[in-house]
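Let us walk through this structure one contact at a time. Keep the sequence and the model side by side as you read.

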Amino acid sequence: MVVGISVLELHLPQARSLKDKRRVVKSLIERFYQRHRVSVAETGFHDLHQRAEIGIALVSNSEGEVDRLLADLRREADAELEAVITRWEPQILEGME
């Protein structure tokens, strides 16, 4: 079993309120889950309206599949016009039993 995890930190320059932030972050989280069936949640900066932290976890039988999924998630986050990635820390953990 291979586990992939990542922390995605975003800057949302157009967010003027927590409501603006929630709209963007919730949409991105739902897209990640619907398209890739990964575990994903907002994990930090809950009270800041221009910063967000999203944690992502996924499990597969192959390191190649985990690497591909993490790359797809990064591309999808890059395509979000209302957010700028400030941190992306993917990790692949192998040999989990």
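Start with a pair of charges. The side chains of E42 and K21 form a salt bridge, with 3.2 Å from N to O. E42 belongs to strand β2 (residues 39-44) and K21 to helix α1, so this pair ties together parts that are 21 residues apart in sequence. Bear in mind that this is a predicted model. How exposed are the two partners? E42 is partly exposed, because its relative accessible area is 25%. K21 counts as buried, because its relative accessibility is 2% and the limit for buried is under 20%. Side chains of opposite charge can pair when their charged atoms come close.

Now look at another bridge. The side chains of E53 and R87 meet in a salt bridge, at 2.9 Å from N to O. Which parts does this pair tie together? E53 lies in strand β3 and R87 in strand β4, so the bridge links parts that are 34 residues apart in sequence. E53 counts as buried, at 16% relative accessibility. R87 is partly exposed, with a relative accessible area of 27%.

A further bridge stays inside one helix. The side chains of R75 and D72 meet in a salt bridge of 2.3 Å, N to O. Both residues lie in helix α2. They are three residues apart, about one turn of the helix. D72 is buried, with a relative accessible area of 16%. Some bridges also share partners, and these join E9, R51, E53, R87 and E89 into one network. How many salt bridges does a search of the whole structure find? The count is 12.

R51 lies over the face of F45, at 3.9 Å from the ring centre. What about rings paired with rings? The count of aromatic pairs comes to zero.

Next, turn to the nonpolar side chains. In soluble globular proteins, nonpolar side chains tend to be buried together. Here the largest nonpolar core has 24 residues. Those with the most contacts inside this core are L8, L10, F32, I54 and I56. Which elements give two or more residues to the core? They are β1 (2-11), α1 (18-36), β3 (51-60), α2 (63-78) and β4 (84-94).

L10 lies in strand β1. Is L10 buried or exposed? L10 is buried, because its relative accessible area is 1%. Leave out residues up to four places away in sequence, and L10 touches L28, Q50, R51, A52, I54, A83, V84, I85 and T86. One of these, A52, is 42 residues from L10 along the chain. Yet the C-alpha atoms of L10 and A52 are separated by 5.1 Å. I54, also touched by L10, is among the core residues with the most contacts.

Finish in a loop. Where is E80 found? E80 sits in the loop between α2 and β4. E80 counts as buried, because its relative accessibility is 11%. A polar atom of the E80 side chain lies 3.3 Å from the backbone nitrogen of E82. Apart from neighbours within four places in sequence, E80 is in contact with V24 and R31.

Definitions and conventions:
Residues are numbered from 1 along each chain as its sequence is written. This is a predicted model: local features need pLDDT of at least 70, side-chain atom pairs count only at pLDDT 80 or more; totals for chains, interfaces and linings use all residues. Side-chain values use heavy atoms; hydrogens and water are left out. A nonpolar core is a set of buried Ala, Val, Leu, Ile, Met, Phe, Trp, Tyr and Cys residues joined through side-chain atoms within 4.5 Å. Buried means under 20% relative accessible area, exposed over 50%, partly exposed in between (1.4 Å probe, protein chains only). Helices (H or I, at least four residues) and strands (E, at least two) are DSSP runs, numbered from the N terminus. Contact means heavy atoms within 4.5 Å. A polar contact is a pair of N or O atoms within 3.5 Å; within protein, one must be able to donate a hydrogen and the other to accept it, and residues adjacent in sequence count only if both atoms are side-chain atoms. Rings of Phe, Tyr and Trp (its six-membered ring) pair if their centres lie within 6.5 Å; planes under 30 degrees apart count as stacked, over 60 as edge-to-face and the rest as tilted. A charge sits over a ring if NZ of Lys or CZ of Arg is within 6 Å of the ring centre and within 35 degrees of the ring normal. A salt bridge is a side-chain nitrogen of Lys or Arg within 4 Å of a carboxyl oxygen of Asp or Glu.
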